Amino acid sequence: MPPAPQTRTSTTPMRRRLVLNGGEDIHRCLVCEIRDQSVCNAIDDHELAILAKASKQLSLPPATTLIEEGSAAQAFFNVTAGTVKLFKSLPDGRRQITGFADVGHFLGLTNAGTYSFGAETVNTVQVCRFMRPQLEMLLNDYPLFERRLLAEVTDELAEAQEQMLLLGRKTARERVASFLLARMVHRPCQVKGEENIVSLPMTRVDIADYLGLTIETVSRTISSLRREKIIAGTDHHGIRVLSPTRLQGLASGQEHS
């Protein structure tokens, strides 16, 4: 990350142009419902024009390639709606899903010149795209923005370590329970009375790939958790967690069938 800039006594030409040309783009940032939970909360309200002009909003249909593994890392994406699946590819065409990026995730950060992973939309996804020059400008001018991105990278490292534990040591039941629990914790529902709803927009095939299991094993495990009254199905590909305590016990290996 670039070092914190020295104190400036005047607005740079690029920043001045962004402020003057904010226009309708400012409204997009003002009404953004996820700003408080994303990297954008590091920018003050009175400088939203700079943030707005540094990014472009895109709406992408399902199964759209957002990031191509190995391509030049020239754009970065803040997910504002929907879910994106992240994956690594093998030379023979096989690929391993390594994670799911939901609202608030910032994708594409890398010190290398190319992306080390691929990303594809699971459902209809909205992102704010930052091109490299604009992102570097924000990092230079706003140390808080830089620190917020550093926190994002730290969270991604913790998630990668959790994934290693998931694949290396946990049983099928523990893996499925951990996945559901993580979705419930990291994507809390904002609707009163539906706090324990888990959104699952991805397919069972994607879940199985991510957990290192077969689709049959995932389906059997979910059915078993339903019979045990730990979870229940909902409309729109969701799951209601009936007993978060038992699900936590399963995920940590403290409860067995």
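Residues are said to meet, or to be in contact, when their heavy atoms lie within 4.5 Å. The views below show a predicted model.

**View 1. Helices H4 and H5 pack against each other.** Helix H4 covers residues 132-141, and its axis lies 5 Å from that of H5. The two helices pack at an angle of about 110°. Angles of 65 to 115 degrees count as roughly perpendicular, and H4 and H5 are therefore described in that way. On the H4 side, the meeting residues are Leu135, Leu138, Leu139 and Asp141. Their partners in H5 are Pro143, Phe145, Glu146 and Leu149.

**View 2. Leucine 167 belongs to helix H5.** Helix H5 comprises residues 143-169. With a relative accessibility of 32%, leucine 167 is classed as partly exposed, because that class lies between the limits of 20% for buried and 50% for exposed. Neighbours within four places in sequence are set aside here; beyond them, leucine 167 touches Arg175, Tyr210, Leu211 and Gly212. The C-alpha atoms of leucine 167 and glycine 212 are 6.3 Å apart, although 45 residues separate the two in sequence.

**View 3. The largest nonpolar core of the model contains 28 residues.** Within this core, Phe179, Leu180 and Leu211 have the most contacts. At least two core residues come from each of strand E5 (95-101), helix H6 (172-186), helix H7 (204-211), helix H8 (215-227), strand E11 (238-241) and helix H9 (244-251). Helix H6 provides the largest share, 6 residues. Another core, of 22 residues, lies apart from this one and includes Cys29, Ala54, Phe76 and Leu135.

**View 4. Leucine 211 is shown with its contacts from elsewhere in the sequence.** When neighbours within four places in sequence are left aside, leucine 211 is in contact with Leu166, Leu167, Arg175, Val176 and Phe179. Leucine 211 and Phe179 are also among the residues with the most contacts inside the largest nonpolar core.

**View 5. Helix H8 has buried residues along one face.** The buried residues of H8 are Thr217, Val218, Thr221, Ile222, Ser224 and Leu225. Seen down the helix axis, the buried residues fall within an arc of 160°, so they line one face of H8. Arg220 and Arg227 are exposed on the other side of H8. Just after the helix, lysine 229 adopts a positive phi of about 65°.

**View 6. Helices H7 and H8 cross at roughly 100°.** The axes of H7 and H8 come within 8 Å. From H7, Arg204, Val205, Ile207 and Ala208 take part in the contact. These residues meet Ile215, Val218, Ser219, Ile222 and Arg226 in H8.

**View 7. Threonine 234 occupies the loop between strands E10 and E11.** Strand E10 covers residues 231-233. Threonine 234 is partly exposed, having a relative accessible area of 26%. Apart from neighbours within four places in sequence, threonine 234 is in contact with Ile197, Ile239 and Arg240. Threonine 234 and isoleucine 197 are 37 residues apart along the chain, and their C-alpha atoms are separated by 8.3 Å.

Definitions and conventions: Residues numbered from 1 in each chain as written. Predicted model: local features only at pLDDT ≥ 70, side-chain atom pairs only at ≥ 80, totals over all residues. Heavy atoms only, no water. Core = buried A, V, L, I, M, F, W, Y, C linked by side-chain atoms within 4.5 Å. Buried < 20%, exposed > 50% of the residue type's maximum accessible area, 1.4 Å probe, protein only. Helix = DSSP H or I, 4+ residues; strand = E, 2+ residues; numbered from the N terminus. Arc of directions from axis to C-beta. Axes fitted to C-alpha atoms, helices over the stretch in contact; angles between N-to-C directions. Parallel < 35°, antiparallel > 145°, perpendicular 65-115°, else oblique.
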